[in-house]
Amino acid sequence: MKSYLIWLLKEHDVPTYRTRNAWSKEAWRRIVDAFNTRFGLSLSVTQVKQKEQDLKKDFKAIRDLISESGFGWDRDTMMVVAPDSVWEELRARKNKDALRWQDKSFPYYYDIFALYDGRYAQGRGCHGTDNYANKAPHVSMELPEDLHRNRQPSYSTPEPTSAKRGKRQKTNSNLDDFQERYLSFKREELDRFAAIEERKLEDPYSIQNCIVALEGLPDLQTEDMLKAADLFTDNKDNREVFLSFSTKELRLAWLKRKIQNT
């Protein structure tokens, strides 16, 4: 359900339905109608908006956590990683909201990143170097302010014209070299992100593949379907086992037993 909600938000992440960071009333009406139709529910706009806000809150919590010293992000497991000593320090600060991500994955991080932090300030009508520019962590292509100031170096004492020209040429050369290295780094960053997105699409045990198979199972109640979605979200092994069964009957039997045991 979370994956489908995110997909709907991305489908309506266009100027027609979204300005800045707010979706229009018409967008929410379409999103909620599609969501309820897909899962046979009757949720209100307020309820679905709350789910979106919960996802956004989790995303921001993880983003803030990995920005702290000692923390990192594992792109394969979609988990926050850090040495035990760093987690213990966080525990001493009694930050329970952050501690819950110690052993919990968040497979929606990059999709939600694209919805909130990955948007260009100029709007969705402006595109970057490639299709992934709106998704990859945004780093301004302009030089920092302090480097702009260096374009016009000031000197405390007068110098001969030739000396000034030499220093100015050296400064411009250094800036050109820096900008070239920076742009090269940015291109490599986008390429890495594109490769990750492609691997996600090629994953035979992805959550999307599980949801498709789940919806094809006969006599599966909505409540059990939602529990199954949680099983797939929390554990990749569950997704692999579920999709490895060759028949719907075996998948359904395994799923019901798994849900009962859980």
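Reply: Let's start with surface, where accessible areas are computed by the Shrake-Rupley method with a 1.4 Å probe, and for residues only the protein chains shown count as cover. The accessible surface of this protein comes to about 16500 Å², and 48% of it belongs to carbon and sulfur atoms. What you see is a predicted model, where local features need pLDDT of at least 70 and side-chain atom pairs count only at pLDDT 80 or more, while totals for chains, interfaces and linings use all residues. Residues are numbered from 1 along each chain as its sequence is written, and side-chain values use heavy atoms, with hydrogens and water left out.

The protein has 12 helices and 4 strands, taken as DSSP runs (H or I of at least four residues for helices, E of at least two for strands) and numbered from the N terminus. Of its 262 residues, 35% are buried, meaning under 20% relative accessible area, with exposed over 50% and partly exposed in between (1.4 Å probe, protein chains only). Among contacts (heavy atoms within 4.5 Å) between residues at least 6 apart in sequence, 58% join residues at least 24 apart.

Now for the buried part itself. A nonpolar core is a set of buried Ala, Val, Leu, Ile, Met, Phe, Trp, Tyr and Cys residues joined through side-chain atoms within 4.5 Å. The largest one holds 36 residues, and those touching the most other members are Leu 65, Trp 73, Val 80, Phe 106, Tyr 109 and Ile 112. Helices α1, α2 (25-39), α3, α4 (84-92), α5 (96-99) and α6 (109-115) each give two or more residues to this core, and α2 has the largest share, at 6 residues. There is also a second, separate core of 18 residues, including Cys 210, Leu 214, Phe 242 and Ile 259.

Beyond its neighbours within four places in sequence, Trp 73 is in contact with Ile 62, Ile 66, Met 78, Met 79, Val 80, Val 81, Phe 106, Tyr 109 and Tyr 110. Most residues other than glycine have a negative phi. Met 78 has a positive phi, near 55°, and is buried at a relative accessible area of 8%.

Asp 58, in helix α3, has a relative accessible area of 16% and counts as buried. Leaving out residues up to four places away in sequence, Asp 58 touches Arg 100, Trp 101 and Phe 106. Asn 36 belongs to helix α2 and is buried at 13% relative accessibility. Past four places in sequence, Asn 36 has Leu 41, Ser 42 and Leu 43 as contacts. From C-alpha to C-alpha, Asn 36 is 9.6 Å from Val 48, a residue 12 places apart from it in sequence.

On a 1 Å grid over the protein atoms alone, a cavity is a set of points where a 1.4 Å probe fits but cannot get out, while a pocket is an open set with protein on both sides within 12 Å along at least five of seven lines; lining residues have an atom within 4 Å of a point. Points are joined across faces, edges and corners, and a volume is the space filled by probe spheres set on them.

By this rule there are 2 cavities of 30 Å³ or more. The largest cavity has about 40 Å³ of space and is lined by Ile 6, Leu 9, Glu 52, Leu 55, Lys 56, Ile 112, Leu 115 and Tyr 116. Helices α1, α3 and α6 each give two or more residues to that lining, with the largest share, 3 residues, from α3. By class, this lining has 6 nonpolar, no polar and 2 charged residues, where Ala, Val, Leu, Ile, Met, Phe, Trp, Tyr, Cys and Pro are nonpolar, Asp, Glu, Lys and Arg charged, and the others, Gly among them, polar.

The second largest cavity has about 30 Å³ of space. Its lining is formed by Met 1, Phe 39, Ile 211, Leu 214, Met 225 and Ala 229, with α9 and α10 each giving two or more residues. This lining divides into 6 nonpolar, no polar and no charged residues.

Finally, look at the second largest pocket, with about 390 Å³ of space. Of its 18 lining residues, Met 1, Lys 2, Phe 35, Lys 51 and Asp 230 lie nearest its centre. Helices α1 (2-11), α3 (45-66), α9 (207-215) and α10 (222-234) each supply at least two lining residues, and α3 gives the most, with 5. The pocket lining has 10 nonpolar, 3 polar and 5 charged residues.
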